[in-house]
Amino acid sequence: MKKKKVCLILSFMMTAMLLYGCGANSGGTDNGGANTPKADSSEKDVVQHYDLSDGTASDVSGAESEIQTAGSNQFYEMDACASNEAVFDSADMQMPDWNTEEYSAVEEPGFKSVANDPLSTFSADVDTASYSNLRRMIENGYSLAEIPEGAVRIEEMLNYFSYDYKLPKKGEPFGVTTVIGDCPWNEDAKLLQIGLKTEEIDFSEAPDSNLVFLLDVSGSMYTDDKLPLLQKSFAMLVRELGGKDTVSIVTYAGADCVVLEGESGDNQEKIIAAVSALEAGGSTNGADGIETAYKLAEQYFIEGGNNRVILATDGDLNVGPSSESELDALITEKKESGVCLTVLGFGTGNIKDNKMETLADRGNGNYAYIDSVGEAKKVLVEQMGATLVTVAKDVKLQVEFNPAYIKGYRLLGYENRTLATQDFDDDTKDAGEIGAGHMVTALYEIVPADSSQEIPETKLKYQDNENDTGVKNGEWMNLKIRYKEPDKEESILKEYPVNEENYVKEPSEDFCFAAAVAEFGLIVRDSAYKGEASFENVRELLGKVDTDEDDYKDEFVYLVKKLQRTME
C-alpha cells in the first residue's frame, strides 16, 4: 500500500507541475524549503521548488516542504501536533544524497610572544560533539580531504576521554593537574598539559531535577539516525529518573506543542510512551519551541535544584529566528532565568553544528553529538551527572608565562573560547560550566627561552622588551582559575604555579594519549602548525598507552588506523 500511495503522490505532483506550470494562479501558499545537493558541506546553492498551488517556482533553502495534493485545495501541514502519515507513507522513497552540514569557520591562532602577550585567557569547555561527529565521518568512509576543517575542534576531542587527574581537595570543586613534556611534532617546543577533574556523583544523590525535553520532530528528523535514535536515547535517560525529578516534554516542527507537563520521574512508562509516540514532519520553528520550553522550566523551577532544558535536534532551524546571531541573542536572554541548556545533536547530511554549538555555549550548558545507542548510553547514563548537574559555572583559566623560561606559546583548540585579558576578573563575563564527574583538558605548545625556534615579536616604543626578562624563580608559568559556585554570582580565584619540576622526560600514558589526540587533530584539520605531525607519530604515541581497559581509547586507535588507510 505504501508504494502505491507514493506512486500516486508522485503522479499527482508531476501532473500538477505540468498543468499549473503554464501560468495559472489559484492562490499562493508559502512553502518550506529543500536543501541543495552539494558534495562540499562548506558551500550551499539555492534550488527552485515548485509551489503546487500556483505553478510558480521559488528560491528556497530549508530542509522540508509542506505537501499539497494536486487537484485539491486540501493542505497537509506537518507540524508537531498534526498527523504525520503522509511523511511516513513517502519514507520508502530514495532520498537524494544531499550534504548541507554547516560548521563554523575556525581561525587557528599562531604562536604568541611572551614579551608582547604574557597572558593567555580562555573559558572552560566540556563539549564533546566534535569527536563523536568526527568518528561518524570516519566510520562512514570519509577521506581526510572530505572532513570539514570546522568539524575538528581539538579541545572537544581531548575532552571526550577520561584521564587519571588529581581529585579535588575538600571544599574545592575540582582537582588540578599540570604536566610538561616534549612536544611530539615540534622538537623545538614543549607541551603543557592542564587537567581539571570534578568529583563524580551518584545521580540518585544529586539535587532534585526539573527537566524539559525539547524535541525536534520536523520533517528532517524522520531518518533512523534522528528521531528513532532520539527516542531510544531518551528512553535510557528516563529509566535513570525517579520521584524527585519532574519531566515536561515540548516538541516543535511548524509549531510547538506541549506533550507532557510536570510529570513525576516515577512515571517512567508514561514518559517513555509519550516520547515513543512522536512522529516527524513539517518545517522547523525551533525558536517557538525554545520559548515554550523555558517557560515550562521556569514554571516548575526548583530552588537549589537542577533546572535544565535538554534540546535534541539536527539543528536545521528554518522558521523564525534561526541564524547564529539570532539564536545567540535568544539563548543569552533565556539563560538569565537560571535554567541551563544541554544540546544533543542527531543525524547526518544536514546537521547544523554551528547553531547547536552556539545554543549550548550561550545557554550555560554542554553539547554532545549522538551517533549511536552506545554514545547515548555514555552521555545520558554513564555520564549523567556530568551532563546534567553543574558543580562550577563561569569557569575561566588564565596562564601567565614567565619570559625568563618561555618566549612563545600556542593554545591548541579553544579558538571560540578565548577571552580578553580583562574578562578574567569581570564576573559579568560568561564562561563555561563544569558538571559532576567532568574533566577539562587543555594543551599548550610552549617554546622555551633557549629554543632555536623564532617567535615573532613586536618592538614596543614605551616598554623595553629586552629588559623585561622575567623572574628566575623556577616558575615557568602561573595558572589561575576563576569560577562561581552554581548558586552564586561572585567568583572564587585559585592559583597554581607551574615550575621546572613539572617537566618529565618520560611522561605518563595520559600525557601520551592526549598528545596523540591533539596531533591527530592537527593532521585532520591540516593545521599550518602541524610541524612534523604524522599518522606514524600518532600511532607511536598510542603504542605507549594501554587502551585494553578503556573501550573509548581503544576505539580511537582503530579510527586512526581506519583514516590512515584512506591515504594508502
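Predicted model: local features only at pLDDT ≥ 70, side-chain atom pairs only at ≥ 80, totals over all residues.
**Notebook: helices, sheet and selected residues**

Residues are numbered from 1 along each chain as its sequence is written, and side-chain values use heavy atoms, with hydrogens and water left out.

**Entry 1: the helix pair.** I found that the axes of H5 (residues 227-238) and H10 (residues 373-382) come within 9 Å and cross at roughly 35°. Axes are lines fitted to C-alpha atoms, for helices over the stretch in contact, and angles run from 0 to 180 degrees between N-to-C directions. Helices (H or I, at least four residues) and strands (E, at least two) are DSSP runs numbered from the N terminus. I listed Leu229, Lys232, Ser233, Met236 and Leu237 of H5 as meeting Val373, Ala376, Lys377, Leu380 and Val381 of H10; contact means heavy atoms within 4.5 Å. By class, this contact has seven nonpolar, one polar and two charged residues, where Ala, Val, Leu, Ile, Met, Phe, Trp, Tyr, Cys and Pro count as nonpolar, Asp, Glu, Lys and Arg as charged, and the others, Gly among them, as polar.

**Entry 2: the sheet.** I traced an open, mixed sheet of six strands in the order E11-E10-E9-E12-E13-E14; two strands pair if DSSP finds at least two bridges between them. E11 (256-264) and E14 (366-370) are the edge strands, each with a single partner, so one side of each has no neighbour in the sheet. The twist averages 15° from one strand to the next. I also noted that H10 packs on the sheet, touching E13 (340-346) and E14, and that its direction makes about 155° with that of E14. Within the sheet, E9 (residues 209-216) and E10 (residues 246-252) pair in the parallel sense over seven bridges, and Asp216 has Tyr252 of E10 as its bridge partner.

**Entry 3: Met439.** I located Met439 in strand E18 (residues 439-448). Met439 is buried because its relative accessibility is 11%, buried being under 20%, exposed over 50% and partly exposed in between (1.4 Å probe, protein chains only). Beyond its neighbours within four places in sequence, its contacts include Val126, Asn159 and Leu196. Met439 and Tyr165 are 274 residues apart in sequence, yet 8.2 Å apart in space, C-alpha to C-alpha.

**Entry 4: cysteines.** I found zero disulfides, a disulfide being a pair of cysteine sulfur atoms within 2.5 Å. Cys183 is buried at 5%, and Cys340 is buried at 15%.
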